[in-house]
Amino acid sequence: MRTQAALRAISQVSRMVTRARFLGSLVTIIGSLGLAGCTLPDAGVDVSGDLKLLYAPFSLNNPPRYWQVHQAHDTIPAPLSWEDKDGRIALAARPGMGAFEIGRRTNVIVLASPFLSFDWQFNNAAQVGDVELVLGFRRQAQGSWTESDLGSGKPTMDQEVRIAVGQYSVRYGEWQHEYFDLATLYRRYWPDSPADEVRLVWIGLVSGKDHVAHENSVTHLTHILLSR
């Protein structure tokens, strides 16, 4: 009798442990689904609220996921390269050596008021607009992302802003800091467009199209940051 009672007790404990493990797994799965529904994995602002770009070098010939790079490969130096500039890892853009485009897809709700900032520096041959910052926007209801949005390359965009990098009053060789409120920037260009479902889906840098850059022109860019 005592043996049977002991076996029944062991069986009951085993069922309790199994049930506890199942509930724990269920909670973990639900939590993971909740996080997945909030952001595009690896392509949106992270848990801390920041998305860092151009903080560390990566292969320009084989860029990481969500990045896209196009440039001529038959020039020396290349239009785009990494350099250690004043103790910073910076992207050296030489539009006079050929057209280029480098960018990263994102998934940022504009009305969440993320802030975009970056640092830049001219050499003595660079001009305002040799390099342009490209911001791509798309109207997308929350939760309607598909698997195609997780792919590589430039996403589909409904609206695009091109901003000339540089200031006419700045001397070459001095680091400058640019800062944008994306919600304010969007309203400036599209004041009558509803912004409740607008997302920033692309951040890029391209060679300017309004003039031909000097072949010795160099614009250094670093620390592109999306923050809340």
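Begin by selecting Gln68, which lies in strand β2 (residues 67-71); helices (H or I, at least four residues) and strands (E, at least two) are DSSP runs, numbered from the N terminus. The model is predicted: local features need pLDDT of at least 70, side-chain atom pairs count only at pLDDT 80 or more, and totals for chains, interfaces and linings use all residues. Residues are numbered from 1 along each chain as its sequence is written, and side-chain values use heavy atoms, with hydrogens and water left out.

**First stop: Gln68**

Is Gln68 buried or exposed? Gln68 counts as buried, at 17% relative accessibility; buried means under 20% relative accessible area, exposed over 50%, and partly exposed in between (1.4 Å probe, protein chains only). Display its side chain together with that of His70: the two make a polar contact at 3.5 Å. A polar contact is a pair of N or O atoms within 3.5 Å; within protein, one must be able to donate a hydrogen and the other to accept it, and residues adjacent in sequence count only if both atoms are side-chain atoms. Next, show the backbone nitrogen of Lys154, which lies 3.2 Å from a polar atom of the Gln68 side chain. Leaving aside neighbours within four places in sequence, the residues in contact with Gln68 (heavy atoms within 4.5 Å) are Glu101, Ile102, Gly103, Gly153, Lys154 and Trp202.

**Second stop: the salt bridges**

How many salt bridges does a search of the whole structure find? The search finds 6, a salt bridge being a side-chain nitrogen of Lys or Arg within 4 Å of a carboxyl oxygen of Asp or Glu. Side chains of opposite charge can pair when their charged atoms come close.

Asp119 is buried at 11% relative accessibility, whereas Arg88 is partly exposed at 25%.

Move on to Arg162 and Glu132, a salt bridge in which the closest N and O atoms are 2.6 Å apart. Arg162 lies in strand β8 (residues 159-164) and Glu132 in strand β7 (residues 131-139), so the pair ties together parts that are 30 residues apart in sequence. Arg162 is partly exposed at 30% relative accessibility, while Glu132 is buried, with a relative accessible area of 5%.

Then select Glu174 and Arg171, joined by a salt bridge of 3.5 Å, N to O. Here Glu174 is partly exposed, with a relative accessible area of 32%, and Arg171 is exposed at 60% relative accessibility.

**Last stop: the whole protein**

Finally, display the entire chain, which has 2 helices and 11 strands. Along the sequence the pattern is α-β-β-β-β-β-β-β-β-β-α-β-β. Of the 228 residues, 43% count as buried.
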